[in-house]
Amino acid sequence: MVRTVVVVGIPGVGKTTVLNIAVNELLSKGYVVKVINFGDYMLQELTQRGLVRSRDEIRLLPLKIQREVQEMVAKRIRYEIDSECKLRSESIFFIDTHAVVKTSTGYWSGLPRHVIEHLMPDIVVVIEASVDEILNRQIRDKSRERSDYGDPKLLSDLLIMNRMFAISSATLVGVPVYILYNREGSVREAALELVDVVINRLRV
Amino acid sequence: MVRTVVVVGIPGVGKTTVLNIAVNELLSKGYVVKVINFGDYMLQELTQRGLVRSRDEIRLLPLKIQREVQEMVAKRIRYEIDSECKLRSESIFFIDTHAVVKTSTGYWSGLPRHVIEHLMPDIVVVIEASVDEILNRQIRDKSRERSDYGDPKLLSDLLIMNRMFAISSATLVGVPVYILYNREGSVREAALELVDVVINRLRV
Amino acid sequence: MVRTVVVVGIPGVGKTTVLNIAVNELLSKGYVVKVINFGDYMLQELTQRGLVRSRDEIRLLPLKIQREVQEMVAKRIRYEIDSECKLRSESIFFIDTHAVVKTSTGYWSGLPRHVIEHLMPDIVVVIEASVDEILNRQIRDKSRERSDYGDPKLLSDLLIMNRMFAISSATLVGVPVYILYNREGSVREAALELVDVVINRLRV
């Protein structure tokens with residue numbers, strides 16, 4: 001069985017760490033696992049077309065182009081997964097992306113209709129953490145620029161908006177939304193919960 | 001006129017009681033009323049196909065099958081209602097279902113796009129109650145297993161998620177979402193409010 | 001470039017004032033600006049068809065008719081904007097409407113699928129204010145009948161519902177949702193922020 005797992009979460013919830021531990025755990029159990037970073041695919045597609053040279057230039061593109069490329073990337077990911085399906089019977093695809101992205105023109109859906117309908121995941125996993133935990137992680141992790149997510153009120157708002165966007169997207173295709181709580185100091189437990197959901201609970 | 005009323009609510013809000021009183025009230029006024037339980041139709045469809053023998057087995061089915069049968073049931077319900085339309089001029093159909101269901105793989109929409117677009121209800125009624133009222137009802141009503149809904153924080157979250165799911169579904173077809181508050185000790189008032197909405201306020 | 005900006009907000013957030021100031025600012029900068037009031041277009045369409053004689057009669061129409069006319073108006077607005085596109089290179093269309101409307105049959109989406117897919121705006125701007133600010137405005141502005149929005153709990157609920165509806169609509173077409181906070185006494189700042197978003201940040 002091939003499982004397609006969309007993983008989302010606002011900056012600072014520990015998405016990358018949870019995902020890395022879960023992937024290693026699955027590999028150690030003998031599963032074929034692939035992590036697809038939606039943003040990387042976007043950048044690659046846009047670079048190949050000569051539309052941008054760096055990630056920062058993406059936001060300067062006309063919205064219409066961004067939407068078109070977003071849809072094309074979703075189709076390409078689905079095609080890659082379907083191709084893999086024919087080769088291997090047991091593999092797990094994690095699509096690392098966002099339910100919502102905060103930009104200078106407002107909150108953007110990372111899984112609008114023209115994306116989620118092509119991706120057709122089996123589940124959308126929303127990684128969450130408390131506002132305090134997110135702020136603590138940001139203090140420790142100075143390497144990444146996330147200064148615009150430092151306000152507690154904004155973070156609290158964003159966590160709710162994130163759920164709203166994830167739910168709107170999931171309703172379009174009828175897939176479950178799994179809220180995975182990544183408690184401070186228990187990231188391994190969160191990763192193992194994700195593994196359990198993907199290999200034991202999810203029937204595809 | 002035939003009115004199609006989807007009624008949803010999380011476990012413990014008193015949906016069944018409100019619905020029963022409303023139905024009796026409408027029958028006593030001479031209306032033709034039918035309550036369609038979406039879950040019962042799902043079970044019947046799956047049993048006839050030999051896919052399950054009991055309700056508990058439904059959750060073990062692959063998601064894809066569940067979605068397909070969900071859509072088929074929605075179509076069948078719409079067909080039944082349309083057939084009834086030709087026979088009787090005045091009848092009311094209540095579709096008893098869920099906006100969201102909590103499962104081991106997360107929150108599922110009970111009214112995803114492939115369901116609500118076929119059901120095409122005239123209104124989605126969301127029955128709500130306070131967290132305290134829901135907990136009190138659960139203590140009294142030990143006959144039904146709802147232990148997983150006993151946590152106040154989870155219930156409070158679920159009430160909000162329920163609205164989000166109902167709103168996402170309603171936006172797809174442009175139908176109103178009526179929030180019906182079932183106050184402790186005033187279940188008859190809630191039922192009469194539902195009757196008033198359905199026969200006096202709703203123009204179809 | 002032609003920009004299509006949907007502006008929504010619950011009664012009392014100061015939508016009309018913000019919009020008026022923003023329009024004047026844009027006109028003074030030499031932009032061609034047009035404000036399209038969705039409700040006015042609805043009334044006009046329904047009056048021409050002889051279905052209503054006044055705004056109050058709209059709510060008495062069957063829901064199916066309301067939905068049909070809603071969709072037709074959305075198509076007409078898109079057609080008008082596209083026609084304008086061919087004539088002028090630089091113009092801004094504001095569509096003044098609602099993400100959600102509270103009626104006697106519940107919360108209605110002002111941007112359901114059959115509307116937003118035709119409007120295809122570049123952005124949905126949600127004007128917000130705090131509950132206290134909304135209540136203060138209502139006390140001062142007695143000319144407009146908004147007595148049903150006077151309850152703080154209901155207003156607080158409505159602000160959240162408004163976001164949920166806006167997000168559900170935006171997810172259907174993949175457009176950004178900009179939350180514009182109209183602080184008491186700073187309406188000009190809010191209007192200038194809207195102008196900045198529309199002419200400087202939005203790439204179409």
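Predicted model: local features only at pLDDT ≥ 70, side-chain atom pairs only at ≥ 80, totals over all residues.
## How the copies are related

Two copies of a chain are related by a rotation about an axis and a shift along it. For chain C and chain B, the rotation is 120 degrees and the shift along the axis is 0.0 Å, and the superposition has an RMSD of 0.0 Å. The two copies are therefore related as by a three-fold rotation axis. The residue of chain C that comes closest to this axis is Ser168(C), whose C-alpha lies at 3.0 Å. Chain C and chain B use different surfaces in their contact, since 17% of the contact residues of chain C recur in chain B.

Chain C can also be superposed on chain A by a turn of 120 degrees, with a shift of 0.0 Å along the axis and an RMSD of 0.0 Å. Here too Ser168(C) is the residue of chain C closest to the rotation axis, at 3.0 Å for its C-alpha. The surfaces used by these copies are different, and 17% of the contact residues of chain C recur in chain A.

## Chain C against chain A

The size of an interface is often given as the accessible area lost when the parts come together. Between chain C and chain A about 1900 Å² is buried, and 62% of it is on carbon and sulfur atoms. The contact brings together 24 residues of chain C and 23 residues of chain A. On the chain C side, the most area is lost by Ile167(C), Thr171(C) and Arg203(C), which together account for 32% of what that side buries.

## Chain C against chain B

The contact of chain C with chain B takes 23 residues from chain C and 24 residues from chain B. These chains bury about 1900 Å² between them, with 62% of that area on carbon and sulfur atoms. Thr105(C), Arg113(C) and Met164(C) supply 28% of the area that chain C buries against chain B, more than any other three residues.

## Helix H6 of chain B and helix H6 of chain C

Two packed helices are described by the angle between their axes and the distance between the axes. Helix H6 (residues 152-173) of chain B and helix H6 (residues 152-173) of chain C have axes that come within 9 Å and cross at roughly 45 degrees. This angle makes H6(B) oblique to H6(C). The crossing of H6(B) with H6(C) is right-handed.

Among the residues of H6(B) in this contact are Ile160(B), Met164(B), Ile167(B) and Leu172(B), and among those of H6(C) are Met161(C), Met164(C), Phe165(C) and Ser168(C). By class, the contact of H6(B) with H6(C) has 8 nonpolar, 4 polar and 2 charged residues.

## Helices H1 and H7 within chain C

Inside chain C, helix H1 (residues 15-28) packs with helix H7 (residues 187-201) at an angle of about 55 degrees, and their axes are 8 Å apart. H1(C) is therefore oblique to H7(C). H1(C) passes H7(C) in a right-handed crossing.

The contact residues of H1(C) include Val18(C), Leu19(C), Ile21(C) and Glu25(C), and those of H7(C) include Arg188(C), Ala191(C), Leu194(C) and Val195(C). Sorted by class, the contact of H1(C) with H7(C) has 12 nonpolar, 1 polar and 2 charged residues.

Methods: Residues numbered from 1 in each chain as written. Chains lettered and ligands numbered in written order. Heavy atoms only, no water. Axes fitted to C-alpha atoms, helices over the stretch in contact; angles between N-to-C directions. Helix = DSSP H or I, 4+ residues; strand = E, 2+ residues; numbered from the N terminus. Parallel < 35°, antiparallel > 145°, perpendicular 65-115°, else oblique. Left-handed = near helix turned anticlockwise from the far one by under 90°. Contact = heavy atoms within 4.5 Å. Nonpolar A, V, L, I, M, F, W, Y, C, P; charged D, E, K, R; others polar. Least-squares fit on C-alpha atoms with pLDDT ≥ 70 in both. Buried area = accessible area lost by both parts, 1.4 Å probe.
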